[in-house]
Amino acid sequence: MNNIPMVDIQLWHKTLQSELEEKAISVLRSGRFIMGEEVEAFEKEAANYLGARHAISCANGTDALILALHAAGIGPGDEVLTTGFTFFATAEAILRVGAKPVLVDIDSQTFNIDPVELERSITSHCKAVIVVHLFGLPAPMDAIRAVCDRHALLILEDCAQSFGAAYGSRKTGCHGLLGAFSFFPSKNLGGFGDGGLVITQDHQTAETIQMLRNHGSNYQYHHECTGYNSRLDAIQAAMLRVKLKYIDQFNNQRRQVAQWYGEYLQKSEVICPIDTPEHVYHQYTVVLPARRDTIKKKLANKGIASAIYYPMPLNKQKALSSTEEDYELPVCEQLSEHCLSLPIFPGMTEEQVKQVADALIAAM
Ligand SMILES: Cc1ncc(COP(=O)(O)O)c(C=O)c1O
């Protein structure tokens, strides 16, 4: 039996190998490496695929969040609500623009922000919410929008893990003022290095982001404001253009893997993720009744990778401990002790899924 990694990027790229290599060589020979035609074409194609009027690429997903917050006018004195169960970058972006994160507890079935808790957590300084579609499962946008409308809060979406997922008839990223994406290599749409994207339907906001990502400049050596150096490389854009053509296929392969896991784990004590066609399964994260560390070790002994996303909710992170109040986020805390993410990637076979599921059941 072969080892099973969390993500087998080489296998995933195998079917596209010659297309990717041809494109890479053409960029290397073009002499144009930052921004340029490939980047513009990728932005158009991504906007078109996502159903957004504007797509502005940048250097990574963290910058996408920072640019989105900055363009939305969030800064010192403001508070931004977000989930307590996400990658640190979501809260880090809020801190980076000088605002304060207000952490909200999650729904135990979806790992996403709980709309009831969201409304309960609003303070007089709250200006916006960053909704994270964690693990590729869209958050309940209707209920979230209702809360935001009642309290005049802007909606920003962190779609780092949900490229291609839809809520209702619209893709994630198109439900608020701004959507932010990451192209970290293991993401559903991943590059060959770092990359990010901001989308919006609003023309003025798009222009602001375009300026901010390039040193606050729209016109060479004329600077309207202090911005960032956050541009996408041509080689990343070229690679992402190839992979974007196959994103639905890749996401469907992830859904197939999730379906197999659901079948093989059906009679076990493991709680599987929600099964909905909207999910793009960036991660396949189960909840274990107990003994997670032992189970994880037993899987590793059989050559099966697993990961803990996330071992510590944001309210327990040292970097956020300067905020005065002590948050109680019981669901975040409970799930951070019991969750385990299993291998999932396009091209993973039913035999591999069965091997992981059998090993997991045997380890319990
Ligand atoms: C939910 C979430 N937000 C933001 C980011 C940041 O993206 P990047 O690593 O491209 O900066 C990530 C990346 O892992 C993420 O998972």
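The model is predicted, so local features need pLDDT of at least 70 and side-chain atom pairs count only at pLDDT 80 or more, while totals for chains, interfaces and linings use all residues. Residues are numbered from 1 along each chain as its sequence is written, and side-chain values use heavy atoms, with hydrogens and water left out. Helices (H or I, at least four residues) and strands (E, at least two) are DSSP runs, numbered from the N terminus.

**Domains**

- The protein is divided into domain 1 (9-244) and domain 2 (247-363), with bounds that come from an automatic or database domain assignment.
- Taken over C-alpha atoms, the centres of the two domains are 24 Å apart.
- Where they touch, the contact (heavy atoms within 4.5 Å) takes 43 residues from domain 1 and 37 residues from domain 2.

- Let's start with strand 9 (residues 196-200), where five of five residues are buried; buried means under 20% relative accessible area, exposed over 50%, and partly exposed in between, using a 1.4 Å probe and protein chains only.
- Both faces of strand 9 are covered, with Gly196, Val198 and Thr200 on one side and Leu197 and Ile199 on the other.
- Strand 1 (residues 54-58) runs antiparallel to strand 9 and is joined to it by five bridges; two strands pair if DSSP finds at least two bridges between them.
- Within that pairing, Ala55 has Ile199 as its bridge partner.
- Strand 8 (residues 178-182) is also antiparallel to strand 9, again with five bridges, and Ser182 stands opposite Gly196.
- Helix 8 (residues 203-212) has Thr205, Ala206, Ile209, Met211 and Leu212 as its buried residues.
- Those buried residues of helix 8 pack against strand 1, helix 4 (61-71), strand 8, strand 9 and strand 10 (217-219).

**Helix pairs**

- Helix 3 (residues 37-50) and helix 9 (residues 234-244) pack at about 35°, with axes 8 Å apart; axes are lines fitted to C-alpha atoms, for helices over the stretch in contact, and angles run from 0 to 180 degrees between N-to-C directions.
- Their crossing is left-handed, meaning that the near helix is turned anticlockwise from the far one by less than a right angle, whereas clockwise is right-handed.
- Among the residues making this contact are Phe42 and Tyr49 of helix 3 and Leu240 and Arg241 of helix 9.
- Helix 10 (residues 247-264) and helix 13 (residues 350-363) pack at an angle of about 35°, with their axes 9 Å apart, and their crossing is right-handed.
- In this contact, Val257, Trp260, Tyr261 and Tyr264 of helix 10 meet Glu350, Val353, Lys354, Val356, Ala357 and Ile361 of helix 13.
- The residues of the contact between helix 10 and helix 13 divide into eight nonpolar, no polar and two charged; Ala, Val, Leu, Ile, Met, Phe, Trp, Tyr, Cys and Pro count as nonpolar, Asp, Glu, Lys and Arg as charged, and the others, Gly among them, as polar.

**Backbone spots to look at**

- Tyr309 and Tyr310 are joined by a cis peptide bond with omega of about 10°, and Tyr310 lies in the loop between helix 11 (292-301) and helix 12 (330-338).
- Met35 is not a glycine, yet its phi is positive, near 60°.
- Met35 sits in the loop between helix 2 (17-30) and helix 3, and it counts as buried because its relative accessibility is 18%.
- Tyr281, also not a glycine, has a positive phi of about 45°.
- The loop between helix 10 and strand 12 (284-287) holds Tyr281, which counts as buried at 3% relative accessibility.
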